[in-house]
Amino acid sequence: MASRLVMRFDVITIFPGLIHGYLQEGIVGRALTRGLIEVQTWNPRDFSDSTYRRVDDRPFGGGPGMLMMAPPLLAAIAAARQANPGVPVIYLSPQGRRLQQQAVQDFAVLPGLILLAGRYEGVDERVLAAVDAEWSIGDYVLAGGELPALVLMEAVARQLPGLLGHADSAAEDSFAASGLLDCPHYTRPEVVAGASVPEVLLSGDHGRIRRWRLQQSLGRTAERRPDLLEQRGLQAGEKELLEEYRRQDGE
Ligand SMILES: CN1CCN(C(=O)c2nonc2N)CC1
């Protein structure tokens with residue numbers, strides 16, 4: 001299989017240490033040391049023409065907090081585009097499209113991404129003319145876009161061939177593999193505070209184990225995320241599995 005070229009992430013942030021600090025450990029750090037990804041940060045302060053490297057100012061029309069000024073951000077975006085040409089510029093914000101697994105998989109085939117991590121109350125609206133898309137990691141408000149950028153980077157990095165061993169392959173992720181929530185998992189010790197492992201998992205009967213895990217995923221998805229099940233539908237034999245799960249659950 002042809003090895004994939006390196007995926008390059010350029011992150012525009014006034015806190016580059018938050019990005020590089022996270023890359024010291026964990027799976028994205030491993031992708032970096034294995035040369036599967038490259039990460040470059042661009043600090044808007046380096047593009048500010050003010051004496052004190054100013055990047056924020058008060059909002060016109062009044063209102064709480066400060067906004068990130070357009071000129072330093074536009075210059076940083078231009079520099080990142082020159083260094084990482086032809087890749088989308090994404091602004092992380094609660095006003096963006098909700099990040100889902102399908103979008104992560106779509107991003108993972110690109111040669112790179114430029115991620116704009118905002119701070120304060122947000123960015124001057126004129127910055128968005130230089131941005132290709134806005135994405136949100138969820139309907140809540142954080143202090144900055146660095147964590148959302150890292151969430152996106154990690155979710156995408158997990159999809160890159162060669163990062164996860166076959167056994168942990170991202171293709172086995174519940175969302176990717178089945179479109180369902182994951183089933184319960186157990187490991188040693190067999191008894192924890194009087195709670196045992198479901199006997200089916202100790203049976204060695206892999207057909208039964210597969211059936212039980214699918215049934216648990218179906219049941220959990222029906223209980224916790226009926227919207228997902230509605231969207232996915234039920235495949236052959238799954239209706240009966242779910243009905244049996246509900247009968248057992250009702251016992
Ligand atoms: C200006 N800054 C505010 C905080 N922020 C977010 O809460 C966020 N980003 O992506 N999904 C989110 N939720 C990033 C942008």
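## Ground rules

Residues are numbered from 1 along each chain as its sequence is written, and side-chain values use heavy atoms, with hydrogens and water left out. Because the model is predicted, local features need pLDDT of at least 70 and side-chain atom pairs count only at pLDDT 80 or more, while totals for chains, interfaces and linings use all residues.

## The chain as a whole

Let us start with the overall picture. The chain holds nine helices and nine strands; these are DSSP runs numbered from the N terminus, with helices being H or I of at least four residues and strands E of at least two. The radius of gyration is 23 Å, well over the 18 Å that the globule rule gives for 251 residues, so the chain is more spread out than a compact globule. Here the radius is taken over C-alpha atoms, and the rule is 2.2 Å times the number of residues to the power 0.38. Along its principal axes, the C-alpha trace spans about 70 × 45 × 40 Å.

Of the 251 residues, 41% count as buried, meaning under 20% relative accessible area, with exposed over 50% and partly exposed in between (1.4 Å probe, protein chains only). The chain exposes about 14500 Å², and carbon and sulfur atoms supply 53% of that area. Accessible areas come from the Shrake-Rupley method with a 1.4 Å probe; for residues, only the protein chains shown count as cover. Among contacts (heavy atoms within 4.5 Å) between residues at least 6 apart in sequence, 74% join residues at least 24 apart.

## Around the ligand

There are 17 residues around the ligand, and Ser93, Ile137, Gly138, Tyr140 and Leu142 come nearest; a residue is near a molecule if one of its heavy atoms lies within 4 Å of it. A ligand nitrogen has a backbone N or O atom of Tyr140 at 2.8 Å, and a backbone N or O atom of Ile137 lies 3.0 Å from a ligand nitrogen. A polar backbone atom of Ser93 is 3.3 Å from a ligand oxygen. Taken alone the ligand exposes 360 Å², of which the protein buries 97%.

Strand 5 (89–98) and strand 7 (133–136) are the elements that give two or more residues to the shell, and strand 5 gives the most, with four. By class, the shell has nine nonpolar, seven polar and one charged residues. Ala, Val, Leu, Ile, Met, Phe, Trp, Tyr, Cys and Pro count as nonpolar, Asp, Glu, Lys and Arg as charged, and the others, Gly among them, as polar.

## Two loop residues

Arg119 sits in the loop between strand 6 (112–117) and strand 7. Arg119 is buried, with a relative accessible area of 17%. Its side chain joins that of Glu146 in a polar contact of 2.9 Å. A polar contact is a pair of N or O atoms within 3.5 Å; within protein, one must be able to donate a hydrogen and the other to accept it, and residues adjacent in sequence count only if both atoms are side-chain atoms. Not counting residues up to four places away in sequence, Arg119 also touches residues including Phe15 and Met68.

Leu128 lies in the loop between strand 6 and strand 7. Leu128 touches Tyr91, Val123 and Glu134, again leaving out residues up to four places away in sequence.

## Helix 2

Helix 2 (residues 26–33) has Ile27, Val28, Gly29 and Ala31 as its buried residues. These pack against helix 1 (16–22), strand 2 (37–42) and helix 5 (146–157). Gly35, with a positive phi near 75 degrees, follows helix 2.
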